[in-house]
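Hello,

Here is the structure I promised to pass on to you. Have a look at it first, and then read my notes below.

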Amino acid sequence: DFLTLSDRPGKQYFWDASMMAVVWALLEPEGMKMSLRAWLSGDLLHAYGLNMTTGAPMGPTWYAFSATNVFNTALTYIEVTGDRALLEEDMPSSGKSVLWRLDDIAMLWKEKVRLGQILASFGGNGNLLESGAPTYLGAVASLNAQSVGMMRDMARLHRAFGNNDRAGLLDAAADALLDNKSDQLTEA
């Protein structure tokens, strides 16, 4: 109930739930795992949460932090519970394991890079913090930095599974994005 008691029953917002990830993993690991499976099955470029009654993603727009919130919540669950077996589970929606679905999420930023640019553009006020701050839009450095962090985390996970080639590509892509070197971003 600590997650579902709100003025929005039956709905999980990635941002809100991610702020309680450690507590959630400690108090309700099985429920969290079920939610993560549903979250990981969805299209994170077109959703900001999940309707738990219907199982449908909530959108129609996306929230710039959705990918990071889902990614970090999944990692928190694994770190707190020690349930590394989740990473090997198949995701029927994608035909990939959770490990490779997380890899996809870490690379979603590439879908937001505009032609001729290096950094991802995370949109405008409707996608960013609901703040209406006119200067916090587009290729926000901190949001691109979260993509660097996800790629580094994925490299670490891939190494743990013996996927050293993929880990090397992710580390190189993270370095390139951090340094804004477009010629090195195409490999990963």
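**The cavity**

There is one cavity of 30 Å³ or more in the structure. On a 1 Å grid over the protein atoms alone, a cavity is a set of points where a 1.4 Å probe fits but cannot get out, and its lining residues have an atom within 4 Å of a point. This is a predicted model, where local features need pLDDT of at least 70 and side-chain atom pairs count only at pLDDT 80 or more, while totals for chains, interfaces and linings use all residues. Residues are numbered from 1 along each chain as its sequence is written, and side-chain values use heavy atoms, with hydrogens and water left out.

The lining of the largest cavity is made of 16 residues, with Trp 62, Ala 64, Ala 67, Leu 108 and Phe 122 nearest its centre. Helices α4 (66–81) and α6 (141–160) each give at least two residues to this lining; helices here are DSSP runs (H or I, at least four residues), numbered from the N terminus.

**Two residues to look up**

Thr 68 sits in helix α4. Is Thr 68 buried or exposed? Thr 68 counts as buried because its relative accessibility is 8%, and buried means under 20% relative accessible area with a 1.4 Å probe, protein chains only. Beyond residues up to four places away in sequence, Thr 68 touches Gln 146 and Met 150, where contact means heavy atoms within 4.5 Å.

Phe 71, leaving aside neighbours within four places in sequence, is in contact with Leu 102, Ile 105, Ala 106, Met 150, Asp 153 and Met 154.

Enjoy exploring!

Conventions: 1 Å grid on protein atoms, 1.4 Å probe; cavity = no way out; pocket = protein on both sides within 12 Å on 5 of 7 lines; lining within 4 Å. Points joined across faces, edges and corners; volume = space filled by probe spheres on them. Buried < 20%, exposed > 50% of the residue type's maximum accessible area, 1.4 Å probe, protein only.
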